[in-house]
Amino acid sequence: MTSHDLASRDLDGARVLVTGAAGFVGSHLCEQLIRSGASVIGLDNLSTGRRQNLCALTGERSFTFLDGDVTLPHPVHGPLDAIMHLASPAAPRDYLALPVATLRAGALGTLNMAELARQKGARLLLASTSEVYGDPLEHPQAESYLGNVNPIGPRSVYDEAKRFAEAVTAQAGRTGVRTAIARIFNTYGPRMSGADSRMVPTFIRQALAGAPLTIAGDGTQTRSLCYVDDTVEGLIRLLTCGFADPVNIGGTHEITVLELAHLIRDLCGSRSPITFVDLPADDPRRRRPDITRAARVLGWEPQVSLREGLARTLAWERRQVTAGAVA
Ligand code: NAD
């Protein structure tokens with residue numbers, strides 16, 4: 001099908017390119033797009049993602065995997081209705097280990113995807129991040145807040161790459177490409193790699209192993225977590241609604257990192273001690289999205305409670321441990 005305008009939620013028959021398809025969010029997104037009737041081309045260079053994240057799609061005729069780098073020009077044959085651009089290292093440990101690759105994915109990768117969207121007449125959705133708000137001076141963060149990012153701190157390779165990516169997307173939008181910008185806040189769920197240092201899988205794996213839960217700083221910093229199924233639903237609604245300005249996608253239940261560690265330890269039935277390590281540079285003190293716009297434009301708000309989402313994630317992690325497949 002060509003030039004599917006995606007004006008409704010109907011993705012049936014649409015052809016969608018997902019970059020970063022083998023990653024945590026990307027793999028869940030591909031599955032949901034296919035369940036919605038789309039055919040999906042997943043592009044990924046497997047730098048931080050894993051082929052096994054896509055094992056549910058093995059043999060799926062509506063799915064094609066392209067092993068490739070988004071920073072290089074990629075010929076995608078045939079029509080495309082949408083590009084969902086998620087490719088980028090996203091966990092702090094990953095983007096600090098891959099600083100230049102992160103800058104390139106946000107900059108060159110987004111320029112390439114904007115050009116491809118223009119050529120194909122496809123809608124471009126950018127997976128941006130709450131990190132564009134930096135260590136915010138406004139709370140909660142609405143899309144109108146311009147942020148407080150340290151442009152030369154170690155995290156800036158990610159934060160500024162995403163800010164640049166938003167600028168590229170907005171410019172493409174001013175020149176005729178149909179665009180969308182999702183500012184995703186902390187998302188968690190099955191398939192996050194414990195090796196990537198993000199809080200939820202790290203705490204779960206530490207608790208299951210009876211090892212100390214390591215908290216950065218004193219644990220009074222807050223985060224608002226969103227279960228991956230809710231994030232994916234928000235991304236798909238945004239793709240199909242035709243709204244161009246940035247939209248926050250995130251959970252609104254704010255919790256301190258210390259409370260989260262206790263909750264996970266309790267859910268795991270673990271007696272692990274809690275220990276404290278140095279806070280990384282420019283770690284945000286508070287994070288909570290204002291999702292008024294998402295509710296108004298997309299009719300979206302998270303449906304999965306933190307306790308329920310953590311229980312699902314824990315069940316998945318336990319299966320991984322049993323299968324000896326912990327990454
Ligand atoms: P992830 O690391 O699991 O997935 C990213 C994927 O992109 C990986 O599969 C990786 O191999 C791929 N990739 C990286 N550079 C690439 C390149 N140059 N070419 C092709 N593929 C490349 O991370 P994630 O948590 O799934 O995040 C996905 C997207 O969502 C990212 O853009 C991230 O910035 C955004 N996001 C995620 C969160 C979150 O909490 N998970 C929050 C805000 C924003």
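Me: Which residues of α4 are buried?
Reply: The model is a predicted one, and a residue counts as buried when its relative accessible area is under 20%. What covers the buried residues of this helix includes α2 (92–97), α3, β5 and β6. The buried residues of α4 are Ser 156, Val 157, Tyr 158, Asp 159, Ala 161, Lys 162, Ala 165, Glu 166, Val 168, Thr 169 and Ala 172.

Me: How far apart are the end C-alpha atoms of α4, and what span should its 19 residues have?
Reply: At 1.5 Å a residue, the 19 residues of α4 should span 27 Å.

Me: Which residue with a positive phi follows α4?
Reply: The phi of the residue in question is near 105°. That residue, which follows α4, is Gly 176.

Me: What is the order of the strands in the open sheet of seven strands, and which strands stand at its edges?
Reply: The seven strands pair in parallel, in the order β3-β2-β1-β4-β5-β6-β11. Each edge strand has a single partner, so one side of each is left without a neighbour in the sheet. Neighbouring strands of this sheet are turned against each other by 20° on average, direction ignored. The edge strands are β3 (63–67) and β11 (247–249).

Me: Which residue of β5 is the bridge partner of Ala 82?
Reply: Strand β4 (residues 82–85) runs parallel to strand β5 (residues 123–129), and four bridges join them. The partner of Ala 82 in β5 is Arg 123.

Me: What angle does the direction of α3 make with that of β4, and what angle does α4 make with β5?
Reply: Helix α3 (residues 99–120) packs on the sheet and touches β1 (15–19), β4 and β5. Helix α4 (residues 156–174) also packs on the sheet, touching β5 and β6 (179–184). The direction of α3 makes about 175° with that of β4, and for α4 and β5 the angle is about 155°.

Me: Which elements give two or more residues to the lining of the largest cavity?
Reply: The count comes to one cavity of 30 Å³ or more, and the largest has a volume of about 40 Å³. Its lining consists of His 85, Ala 87, Ser 88, Ala 105, Gly 106, Thr 110, Leu 126, Ala 161, Lys 162 and Ala 165. The elements that give two or more residues to this lining are α3 and α4.

Me: Which residues form the covered face of β8?
Reply: In a regular strand, side chains alternate between the two faces of the sheet. The uncovered face of β8 holds Thr 214 and Ala 216, and the bridge partner of Ala 216 in β13 is Val 277. The covered face of β8 is formed by Leu 213 and Ile 215.

Me: Against which elements do the buried residues of α7 pack?
Reply: The buried residues of α7 are Val 257, Leu 260, Ala 261, Leu 263, Ile 264, Arg 265 and Cys 268. They pack against α5 (199–209), β8 (213–216), β9 (222–224), β12 (254–256), β13 (274–277) and α9 (306–323).

Me: Is Arg 287 buried or exposed?
Reply: Arg 287 lies in the loop between β13 and α8 (292–298). Beyond its neighbours within four places in sequence, its contacts include Glu 131, His 139, Phe 185 and Glu 254. Its relative accessibility is 1%, so Arg 287 counts as buried.

How values were computed
Residues numbered from 1 in each chain as written. Predicted model: local features only at pLDDT ≥ 70, side-chain atom pairs only at ≥ 80, totals over all residues. Heavy atoms only, no water. Buried < 20%, exposed > 50% of the residue type's maximum accessible area, 1.4 Å probe, protein only. Contact = heavy atoms within 4.5 Å. Pairing = 2+ DSSP bridges. Axes fitted to C-alpha atoms, helices over the stretch in contact; angles between N-to-C directions. Expected span 1.5 Å × (residues − 1). 1 Å grid on protein atoms, 1.4 Å probe; cavity = no way out; pocket = protein on both sides within 12 Å on 5 of 7 lines; lining within 4 Å. Points joined across faces, edges and corners; volume = space filled by probe spheres on them.
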